[in-house]
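Colleague: I am new to reading protein models and would like to learn how to go through one feature at a time. Could you take me through this one slowly?

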Amino acid sequence: TRPGTALDPESDTAAEGNLRESEVISPYWQNGENSLKPVRLLGYLFCKDDGRKSEQIQKLQQIQTILLGGDARYGLGKIRWVECKEVTCFFGCPVELNQADPVVQRSRVLAHVPANSVQLQGEYELLAGWDGRNLQSSTQLYWQPGAVSTEPLRWKILDDGYWEKTKQ
């Protein structure tokens with residue numbers, strides 16, 4: 001994390017509450033060894049086969065660089081596309097794509113889940129976020145990624161990345 005603030009050039013001071021932080025992912029990591037290794041990010045894109053899947057994949061493969069986050073204009077969120085391949089599992093779990101939203105079945109959640117929707121074992125977290133250009137006016141309590149249920153549950157993966165327990 002890198003702290004920063006804008007200074008008023010006339011007084012050489014910052015307005016109260018103007019301190020901000022930028023979080024940066026290091027391009028290298030070290031796993032108890034002396035050599036540095038490049039960091040890689042893995043993501044999934046769920047595509048329904050509506051007869052245009054190969055056309056959509058070809059368009060995706062033309063992307064060379066992706067800018068992530070609000071600090072992208074400073075060069076802190078720039079990643080390079082390395083590979084795009086078709087898979088049938090999502091982090092080791094089969095994924096169902098025959099509904100409006102992708103569905104996975106597992107005990108451990110890999111995303112935030114509304115705390116009032118299901119009983120899990122794990123840690124809570126209050127989240128607030130941006131909705132377009134405005135900060136959401138209220139925070140909500142969520143289970144943190146890594147929370148666990150006593151048995152595998154079916155989870156719907158929503159557009160915003162949150163998970164929701166399915167009704168069935």
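The dialogue below goes through salt bridges, a surface patch and a sheet.

Modeller: Please keep in mind from the start that this is a predicted model.

Colleague: How many salt bridges does a search of the whole structure find?

Modeller: In general, one looks for a side-chain nitrogen of Lys or Arg within 4 Å of a carboxyl oxygen of Asp or Glu. Here the search of the whole structure finds 3 salt bridges. One of them joins the side chains of Lys 59 and Glu 55, with 3.7 Å from N to O, and both residues belong to helix H1, which covers residues 53-61. They are 4 residues apart, about one turn of the helix.

Colleague: Is Lys 59 buried or exposed, and how does Glu 55 count?

Modeller: Lys 59 has a relative accessible area of 52%, so it is exposed, because exposed means over 50%. Glu 55, at 36% relative accessibility, counts as partly exposed.

Colleague: Which parts of the chain does the pair of Arg 154 and Glu 96 link?

Modeller: The side chains of Arg 154 and Glu 96 meet in a salt bridge of 2.6 Å, N to O. This pair links distant parts of the chain, since Arg 154 sits in strand E15 (residues 148-157) and Glu 96 in strand E8 (residues 93-96), 58 residues apart. Arg 154 has 18% relative accessibility and therefore counts as buried, the cut-off being under 20%, whereas Glu 96 is partly exposed at 29%.

Colleague: And what are the values for the salt bridge between Lys 156 and Glu 164?

Modeller: The closest N and O atoms of Lys 156 and Glu 164 are 3.3 Å apart. Lys 156 is partly exposed, with a relative accessible area of 24%, and Glu 164 is also partly exposed, at 28%.

Colleague: Which residues form a nonpolar patch on the surface?

Modeller: The patch consists of Ile 25, Trp 29, Val 39, Leu 41 and Leu 68, which together have about 460 Å² of accessible area. Ile 25 is found in the loop between strand E2 (20-22) and strand E3 (28-29), and its 57% relative accessibility makes it count as exposed.

Colleague: Lastly, what is the order of the strands in the open sheet of 3 strands?

Modeller: The order is E10-E14-E11, and the pairing is antiparallel. Strand E10 (113-114) and strand E11 (124-127) are the edge strands, each pairing on one side only. Between E11 and strand E14 (residues 140-143) there are 4 bridges, and the bridge partner of Glu 125 in E14 is Tyr 142.

Definitions and conventions: Residues numbered from 1 in each chain as written. Predicted model: local features only at pLDDT ≥ 70, side-chain atom pairs only at ≥ 80, totals over all residues. Heavy atoms only, no water. Helix = DSSP H or I, 4+ residues; strand = E, 2+ residues; numbered from the N terminus. Buried < 20%, exposed > 50% of the residue type's maximum accessible area, 1.4 Å probe, protein only. Patch = residues over 30% accessible without salt bridge, like charges linked within 9 Å, V, L, I, M, F, W, Y side chains within 5 Å. Areas by Shrake-Rupley, 256 points an atom, 1.4 Å probe, with all protein chains shown as cover. Pairing = 2+ DSSP bridges.
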